[in-house]
Amino acid sequence: MPLTTLFLALALLWPVGPPPPEILRGWLPPAGPYAAGHRGVDLAAPPGAPVLAPAAGTVTFAGPVGGRGVVTLTLSGTGAPPLRTTFGPVAPLVRPGTRVSPGTPIARVAEGAHCPVSCLHWGLLRGEEYLNPLLLTRRAPSRLLPLPAG
């Protein structure tokens with residue numbers, strides 16, 4: 001299944017909200033595996049806000065990474081290698097091996113120094129390749145508006 005078809009079929013939920021959160025910092029793909037970049041998006045979220053599973057999957061990691069809590073969710077039915085979403089800094093509410101459905105609380109946003117204000121960093125990977133997690137969200141269709149006369 002082509003990647004774009006897969007994204008359209010999934011139409012995942014936002015991991016925080018509703019309403020959809022403010023995007024504090026967008027995805028900036030690195031030029032190489034060790035190059036600078038931003039390998040996800042930062043979503044505005046207060047400490048303690050629930051982090052919801054954006055789709056059905058299995059929790060494959062829940063614990064500290066570099067002194068911050070992280071949860072990784074491997075999404076069901078997304079091919080080989082499967083898509084994985086990551087969330088941090090968080091306080092995990094689930095253990096590795098837990099199967100979840102969309103909307104299941106999997107963590108709470110934790111205080112951390114990732115953003116100048118409280119946020120949730122949301123990442124997406126297929127194998128070792130980082131992808132833009134915003135490709136997974138439902139967004140209103142684009143509309144073309146007429147130009148004013150004159």
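**Figure 1. Secondary structure of the predicted model.** The chain contains 1 helix and 11 strands. The structure shown is a predicted model. Read from the N terminus, the order of elements is α-β-β-β-β-β-β-β-β-β-β-β. The chain has 150 residues, of which buried residues make up 39%.

**Figure 2. Pairing of β4 with β5.** Strand β4 covers residues 57-65, and β5 covers residues 68-75. The two strands run antiparallel and are joined by 8 bridges. Two of the residue pairs may be located in this view: Thr 58 stands opposite Thr 74 in β5, and Ala 62 has Val 71 of β5 as its bridge partner. β4 and β5 form a hairpin with 2 residues between the strands. Within this hairpin, Gly 66 adopts a positive phi near 60°.

Figure 3. Thr 72 stands opposite Thr 86 in β6. β5 is mostly covered, with 7 of its 8 residues buried. In a regular strand, side chains alternate between the two faces of the sheet.

**Figure 4. The open sheet of β3, β9 and β7.** Three strands form an open sheet, arranged in the order β3-β9-β7 with antiparallel pairing. Its edge strands are β3 (50-52) and β7 (90-92), each of which pairs on one side only. From one strand to the next, the twist averages 40°. β7 pairs with strand β9 (residues 105-109) over 3 bridges in the antiparallel sense.

**Figure 5. The largest pocket and its lining.** The largest pocket holds about 290 Å³ of space. It is lined by 14 residues, and those closest to its centre are Val 70, Thr 86, Phe 87, Gly 88 and His 121. Three strands, β5 (68-75), β6 (83-88) and β10 (119-126), each supply at least two residues of the lining. By residue class, the lining divides into 6 nonpolar, 6 polar and 2 charged residues. Thr 86, among the residues closest to the pocket centre, is also the residue of β6 that Thr 72 stands opposite.

**Figure 6. The disulfide between Cys 115 and Cys 119.** A search of the whole structure finds 1 disulfide. This disulfide is formed by Cys 115 and Cys 119, whose sulfur atoms lie 1.9 Å apart. The torsion about the S-S bond of Cys 115 and Cys 119 is about 75°, and the disulfide is therefore right-handed. Are the two cysteines, Cys 115 and Cys 119, buried or exposed? Cys 115 has a relative accessibility of 11% and therefore counts as buried. Cys 119 has a relative accessibility of 4% and likewise counts as buried. The cut-off behind both assignments is that buried means under 20% relative accessible area.

Technical notes. Residues are numbered from 1 along each chain as its sequence is written. This is a predicted model: local features need pLDDT of at least 70, side-chain atom pairs count only at pLDDT 80 or more; totals for chains, interfaces and linings use all residues. Side-chain values use heavy atoms; hydrogens and water are left out. A disulfide is a pair of cysteine sulfur atoms within 2.5 Å. Buried means under 20% relative accessible area, exposed over 50%, partly exposed in between (1.4 Å probe, protein chains only). Two strands pair if DSSP finds at least two bridges between them. Helices (H or I, at least four residues) and strands (E, at least two) are DSSP runs, numbered from the N terminus. Axes are lines fitted to C-alpha atoms, for helices over the stretch in contact, and angles run from 0 to 180 degrees between N-to-C directions. On a 1 Å grid over the protein atoms alone, a cavity is a set of points where a 1.4 Å probe fits but cannot get out, and a pocket is an open set with protein on both sides within 12 Å along at least five of seven lines; lining residues have an atom within 4 Å of a point. Grid points are joined across faces, edges and corners, and a volume is the space filled by probe spheres set on the points. Ala, Val, Leu, Ile, Met, Phe, Trp, Tyr, Cys and Pro count as nonpolar, Asp, Glu, Lys and Arg as charged, and the others, Gly among them, as polar.
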